[in-house]
Amino acid sequence: MVADVRIESAMSSRKIKTGKYRKMRKFEHPGELPEDMRDLLLKMLTVQADTEFASVEQHRDWQTDAPSAEDRWVIARIVADEVRHGLSMVRLLRDFGEDGEKAIEGLMKRRIGDHILDSFNIEFKDWIDVVTFTCFVDRVGLYQLESFVECSYAPLARQIPLMLNEEQLHIGFGLNGLKKAVNDPNYPGNKERAQESVDFWVPRALDMFGHKGSKNAALAQELGIKRWQNEEMRLRYYKEIAGICESLGLETPPIDANRRIVDA
Ligand SMILES: [Fe+2]
Ligand SMILES: [Fe+2]
């Protein structure tokens with residue numbers, strides 16, 4: 001199912017496809033937006049931008065510390081991609097006038113420790129963390145971006161295909177690194193360390209989908225901003241990563257282990 005969505009993402013229609021504005025033309029400017037939609041988009045763009053800039057902070061030292069010259073080049077590429085994703089979100093925020101400028105000012109001041117989502121406040125302790133993060137945490141980003149495909153706000157919808165492409169490269173690199181960590185004795189880390197890193201990052205990745213009954217997620221779906229709700233995406237993601245862990249010969253952490261965002 002995810003693969004179909006990825007192909008479909010190359011084509012974006014001018015009409016809204018889901019939610020209560022279905023069949024209307026997509027919104028082109030913040031000035032046309034109903035108030036609840038304007039507020040929610042401001043929030044979502046800010047969170048998205050924050051994750052992009054935060055991930056730059058997490059990766060940047062590995063441009064000089066990655067184990068091989070090829071790995072350094074890939075990390076430099078990831079850093080450039082994430083800055084570009086952050087910049088794209090900032091440009092969208094600028095269209096929101098004073099409120100957007102205020103959000104941007106806040107974003108430029110945030111540093112590791114005060115980012116909005118937990119996964120982005122943790123430094124990588126070794127190279128295995130770098131590849132586990134790109135394999136599992138960037139993959140959550142992919143689900144979020146896929147949910148924005150056909151977003152009812154056209155300027156955001158137009159950013160998605162290229163971002164999706166780039167995230168797929170990051171994720172492929174992470175998975176490849178983990179495979180080598182598990183199987184290649186000449187590569188940093190080993191199976192035990194890979195399992196430890198997976199056990200650490202997967203709960204943080206699962207938390208990133210947010211609360212099951214989130215009102216904002218329901219509203220985003222109703223307004224045609226996102227296609228899916230949190231729990232739906234989390235379960236689909238979990239199924240996918242269980243297959244990946246199995247292919248690596250690793251255990252999948254239970255879905256509720258070490259979670260911080262817990263629903264009653
Ligand atoms: Fe990104
Ligand atoms: Fe990424």
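**The overall build**

Of the 264 residues in the protein chain, 40% count as buried, meaning that 20 or more other C-beta atoms lie within 10 Å of the residue's own; exposed residues have 12 or fewer, partly exposed ones fall in between, and the C-beta atoms are placed from the backbone. Keep in mind that this is a predicted model: local features need pLDDT of at least 70, side-chain atom pairs count only at pLDDT 80 or more, and totals for chains, interfaces and linings use all residues. Residues are numbered from 1 along each chain as its sequence is written, while chains are lettered from A and ligands numbered from 1 in the order in which they are written.

As for secondary structure, the protein chain has 11 helices and zero strands; these are DSSP runs numbered from the N terminus, with helices being H or I of at least four residues and strands E of at least two.

The C-alpha trace spans about 60 × 35 × 35 Å along its principal axes. The radius of gyration is 18 Å, which agrees with the value near 18 Å for a compact globule of 264 residues; it is taken over C-alpha atoms, and the globule rule is 2.2 Å times the number of residues to the power 0.38.

Now for the two backbone spots. K23 sits in the loop between helix 1 (2-8) and helix 2 (35-59), and its phi is positive, near 80°, though it is a residue other than glycine. K23 counts as exposed because it has 7 C-beta neighbours inside 10 Å.

N258 lies in the segment after helix 11 (230-248). N258 is not a glycine either, yet its phi is positive at about 55°. With 13 C-beta neighbours inside 10 Å, N258 counts as partly exposed.
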